[in-house]
Amino acid sequence: MRRVTVPRRAGAVAVVLAVSALTLTACGSGGGAGDDASGKVEGQVTFQTWNLKANFKDYFERLIKDFERKYPDARVKWIDQPAEGYPEKLSADAAGGTLPDVVNVSPDLAYPLAKAGLALDLEKAAGKYRGEYLDGAWKSHEMPGLPGVYAFPWYLNTGPMFYNKELFRKAGLDPDKPPTTYDQLFTDAVAMAKKSGRKIAMLAGTPSIEDFGRYGVRLMNARGTEFTFNEPKGVELLRHYKELYAAGALDSQALTAQAESAGRKFEQQSVAMNPGSALDLQNFKKDAPSLYRHIGITDAVNNTGRANMYVQGLMVNARSEVKPAAVAFAHFVTDKKNQMAFAKEVTIFPSTKGSLDDPYFTKEDGTDATRVRVASAKSLKTAVNYTPVLLSDQMKTVLRNAVARAVQGKQSPKAALDGAAAECNRLLKTG
């Protein structure tokens, strides 16, 4: 089985740069040129995916044939764009009036298009379908400051957390009860560092925006006009990470470590917990059998009861001349039957209600892929997308640098977060 990685946030800044051009052709913001998608399903729909043709050509060609069989007066022209330069391509198409009828987007890429009136409000145009999707998935394409939802939720992913049961056992911790809340994580991490003489760290990474979300921090105000991760609860989280670092419970290279180096630390068994995927589990079995024998799988720690969700969607062009057919096709691709079929070709998860209760996602068969699939599917039922759609890569860097300063004690957690929030808000206003 192939695994598709939900594309990382692909530089929303590049798309935001086009908003000024988009507004030249857009009438107002949100909803665009009318939200009525009623009428006969007919005409040619242009359908654009994001780097999927190379591995899934047969699946999509079958899917299109099935749709055209169901709607004989409709045709679908499939376009696939490479991963590199995808935001820029969307910008150019939007500004030039050549945006396809149905477009594969992540929430951050949908935002500037929705703001410019080029994304159809599906709450108005296709609200009757809302009940077919997981609530968190449907809401993932809500946009700050705009009413409505601007893409059908499509495939989902999430990352399970691996942990080393033997290291837990040696630290006097229950290997069958990994931490599920941050308070438990902090307590267990300090105990492990102390028991090992600071040789074993619980974690190899500093908190990202997702961690602030899982901790229960309010990341933005309700209008989406200001970042608020510097509220007291955010400062509290960062203070805890500073204490972990001082105690040796956070790996000494955490401030500069990339995901790959954190994975190596876990493989070398000098770190007790690390996020990963089914592919990592297979690699452990091959390259680190002593670790593999002691692998535990759990959800990422959170205080909210909800895991983090990575989501892809299908946006309908609000200016499409074949709007009824475009909505019908976007819904067809993302309906329960077709999402389930796609999930059996690649390691992703359906966003439709009930799909994750299928035995394919609930019953283990002893294989590594199934172990991770079952664990991930369970957490996705109530998961949410914590990363604000307005948080650009530049803003992520601002936050990451502030966190590093605070963890090292170069700046207080409050001062670091206040400064980061102020800079992110300045970037938000300047676009």
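Is Gly 117 buried or exposed, and what is its relative accessibility? At 0% relative accessibility, Gly 117 counts as buried, where buried means under 20% relative accessible area, exposed means over 50%, and partly exposed lies in between (1.4 Å probe, protein chains only). The points below begin with the model as a whole and then turn to single residues.

1. Basis of the note. The structure is a predicted model, in which local features need pLDDT of at least 70, side-chain atom pairs count only at pLDDT 80 or more, and totals for chains, interfaces and linings use all residues. Residues are numbered from 1 along each chain as its sequence is written, and side-chain values use heavy atoms, with hydrogens and water left out.

2. Overall form. The protein chain contains 20 helices and eight strands; helices (H or I, at least four residues) and strands (E, at least two) are DSSP runs, numbered from the N terminus. The radius of gyration is 22 Å, close to the 22 Å that the globule rule gives for 431 residues, so the chain is as compact as a globular protein of that length. That radius is taken over C-alpha atoms, and the globule rule is 2.2 Å times the number of residues to the power 0.38. Along its principal axes, the C-alpha trace spans about 70 × 50 × 35 Å.

3. Of the 431 residues in the protein chain, 55% are buried. The accessible surface comes to about 18400 Å², and carbon and sulfur atoms account for 49% of this area; accessible areas come from the Shrake-Rupley method with a 1.4 Å probe, and for residues only the protein chains shown count as cover. Among contacts between residues at least 6 apart in sequence, 77% join residues at least 24 apart, a contact being heavy atoms within 4.5 Å.

4. Charge. The protein chain carries 57 positive and 47 negative side chains, and the centres of the two sets lie 3 Å apart. Lys and Arg count as positive and Asp and Glu as negative, while His and the chain ends are not counted. Each charge is placed at NZ of Lys, CZ of Arg, CG of Asp or CD of Glu.

5. Nonpolar cores. The largest nonpolar core has 70 residues, and those with the most contacts inside it are Met 192, Met 202, Phe 229 and Tyr 241. Helix 19 (residues 393–408) supplies the largest share of this core, seven residues. Apart from it lies another core, of 56 residues, among them Phe 60, Ala 126, Val 311 and Val 316. Such a core is a set of buried Ala, Val, Leu, Ile, Met, Phe, Trp, Tyr and Cys residues joined through side-chain atoms within 4.5 Å.

6. Tyr 241 and Val 403. Leaving aside neighbours within four places in sequence, Tyr 241 is in contact with residues including Tyr 182, Phe 186, Pro 207 and Val 407. Val 403 is found in helix 19 and counts as buried at 0% relative accessibility. Not counting residues up to four places away in sequence, Val 403 touches Thr 206, Pro 207, Phe 212 and Leu 238. The C-alpha atoms of Val 403 and Glu 210 are 193 residues apart along the chain and are separated by 13 Å.

7. Ser 208 is found in the loop between helix 9 (182–195) and helix 10 (209–215), and is partly exposed at 31% relative accessibility. Arg 214, in helix 10, is buried, with a relative accessible area of 10%. Leaving aside neighbours within four places in sequence, the contacts of Arg 214 include Tyr 182, Ala 300, Asn 303 and Tyr 386.

8. Helix 16. Which residues of helix 16 (residues 336–343) are buried? They include Asn 338, Gln 339, Met 340, Phe 342 and Ala 343. Their cover includes helix 3, strand 4 (152–157), helix 15 (323–333) and helix 17 (359–362).

9. Positive phi values. Asn 51 has phi near 60°, a positive value in a residue other than glycine. Asn 51 lies in the loop between strand 1 (43–50) and helix 3 (53–70) and is partly exposed, with a relative accessible area of 45%. Gln 269, also not a glycine, has a positive phi of about 65°. Its place is in the loop between helix 12 (259–267) and strand 6 (273–275), and Gln 269 is partly exposed at 22%.
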